[in-house]
Amino acid sequence: QGYQESEKSIELYEEVLEQQPNNPWIYYNLSCAYGRMNDADKSLENFKKAATIGDKAVIEKASKDSAFQLISDREEFKMFVKDYAPESDHHYGPSV
């Protein structure tokens with residue numbers, strides 16, 4: 001997915017957030033889109049929102065999703081996924 005496509009995705013997800021502000025999967029997808037744009041800070045910010053309001057399925061999916069490689073070395077990310085992805089075992093799979 002290219003930069004322009006990611007920008008368009010972000011705009012759409014932010015519109016959906018107005019209707020569904022407590023949907024963790026919207027934050028999850030925003031995090032992925034920002035990751036594709038190499039914006040680690042916004043990716044991490046949205047991941048933390050997804051992980052905080054979501055259930056363990058959100059965190060478990062993130063622990064295996066290649067879209068999070070940009071932030072996977074950040075301590076805040078590791079803190080959330082530590083129970084799902086041992087440090088020596090990266091299970092990155094397809095993103096949403």
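Modeller: In this predicted model, ring pairs join Trp-25, Tyr-28, Phe-47, Phe-68, Phe-77 and Phe-80 into a cluster, and a search of the whole structure finds six aromatic pairs. One of these pairs is formed by Trp-25 and Tyr-28, whose ring centres are 5.2 Å apart and whose planes stand at 55 degrees, so the pair is tilted, since edge-to-face would need an angle over 60 degrees. Trp-25 and Tyr-28 both belong to helix α2, where they are three residues apart and therefore separated by about one helical turn.

Because Phe-47 lies in helix α3 (residues 40–53) and Phe-68 in the loop between α4 (56–62) and α5 (75–81), the pair ties together parts that are 21 residues apart in sequence. Phe-47 is buried at a relative accessible area of 0%, and Phe-68 likewise counts as buried, at 0% relative accessibility.

Helix α2, which carries Trp-25 and Tyr-28, also meets helix α1: the axes of α1 (residues 3–19) and α2 (residues 24–36) come within 9 Å and cross at roughly 160 degrees, so the two helices are roughly antiparallel to each other.

Definitions and conventions
Residues numbered from 1 in each chain as written. Predicted model: local features only at pLDDT ≥ 70, side-chain atom pairs only at ≥ 80, totals over all residues. Heavy atoms only, no water. Axes fitted to C-alpha atoms, helices over the stretch in contact; angles between N-to-C directions. Helix = DSSP H or I, 4+ residues; strand = E, 2+ residues; numbered from the N terminus. Parallel < 35°, antiparallel > 145°, perpendicular 65-115°, else oblique. Phe/Tyr/Trp six-rings, centres within 6.5 Å; stacked < 30°, edge-to-face > 60°. Buried < 20%, exposed > 50% of the residue type's maximum accessible area, 1.4 Å probe, protein only.
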